[in-house]
Amino acid sequence: MVFWIFGYGSLVWNPGFEYDEKLIGYIKDYRRVFDLACIDHRGTPEKPARTCTLEESKGAVCWGAAYCVRGGPEKEKAAMEYLERRECEYDRRTLVEFFTDEDSLHPALTGVIVFTSTPDKVNNKYYLGPAPLEEMARQIATASGPCGNNREYIFKMEKALHDISHEDDYIIELANEVRKVLGIAESVPKEKKLLSPSQIPLKSHISPVKLHPLPEAIAAVVADS
């Protein structure tokens, strides 16, 4: 058995298992939402953290990383058992198509596994559902658990998506709201790209500098040097 797993949360920057190949790309018709409770990693049963899951959204794309595990049944079993323990709040495994080309109509991979959750508070005890941005930010800013605090999770996700050059506006907005709660500065905007030679105007708007003749004494020194 060989399998591919798509990571869209902490798996992007911290897979935690042995893999043989990694691809950066995206899946279609899903978007990230912070609607899932975490009670054993960055939260507790009394004060759950908010973690990332996927919501079906027609036309959306979700960028992340796909990992391939191959090399024999024992290695593949060990990786899957690790993932099932780590992703225990996710009650579904969904098979998706994975794309690497932004304009491609044809997937690079099919049958890629992604851990998702049932958006139903009755049948899924970990599903919190949506909430106002400010309320989610307060929860993320204050929750913590055995693996660290909740705010570190969203800040690392924000950086990981920046590092793969596919930032998520929703994550940036939520992370900045968390910063407001904590009283720290918002993330620095991206630096403006330098113009390429083809983008530089041919005509300058700077007035030409008028040169004045050198005084005779200085001119004589320059001529003799």
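Let me begin with Gly-25, which touches Phe-6, Cys-62, Trp-63, Gly-64, Phe-98, Phe-99 and Thr-100, leaving aside residues up to four places away in sequence; contact here means heavy atoms within 4.5 Å. The model is a predicted one, in which local features need pLDDT of at least 70 and side-chain atom pairs count only at pLDDT 80 or more, while totals for chains, interfaces and linings use all residues. Residues are numbered from 1 along each chain as its sequence is written, and side-chain values use heavy atoms, with hydrogens and water left out.

Gly-25 is found in strand E2; helices (H or I, at least four residues) and strands (E, at least two) are DSSP runs numbered from the N terminus. Gly-25 counts as buried, at 0% relative accessibility. The terms are these: buried is under 20% relative accessible area, exposed over 50%, and partly exposed in between, with a 1.4 Å probe and protein chains only. The C-alpha atom of Gly-25 is separated by 9.3 Å from that of Ile-164, 139 residues apart along the chain.

I turn to helix H3, residues 150-163. Its 14 residues reach 20 Å from first C-alpha to last, close to the 20 Å expected at 1.5 Å a residue, where the expected span is 1.5 Å times one less than the number of residues. Among its buried residues are Tyr-153, Phe-155 and Glu-158. The cover over the buried residues of H3 includes strands E2 and E3 and helices H2 and H4. Just after H3, Ser-165 takes a positive phi of about 65°.

What does the side chain of Glu-158 meet in a salt bridge? The partner is Arg-179, at 2.5 Å, N to O; a salt bridge requires a side-chain nitrogen of Lys or Arg within 4 Å of a carboxyl oxygen of Asp or Glu. This pair links distant parts of the chain, with Glu-158 in helix H3 and Arg-179 in helix H4, 21 residues apart. Glu-158 is buried at 10% relative accessibility, and Arg-179 is likewise buried at 10%.

Lys-180 and Glu-177 are separated by about one helical turn, because they are three residues apart in helix H4. Lys-180 counts as exposed at 52%, whereas Glu-177 is buried at 13%. The whole structure holds 14 salt bridges.
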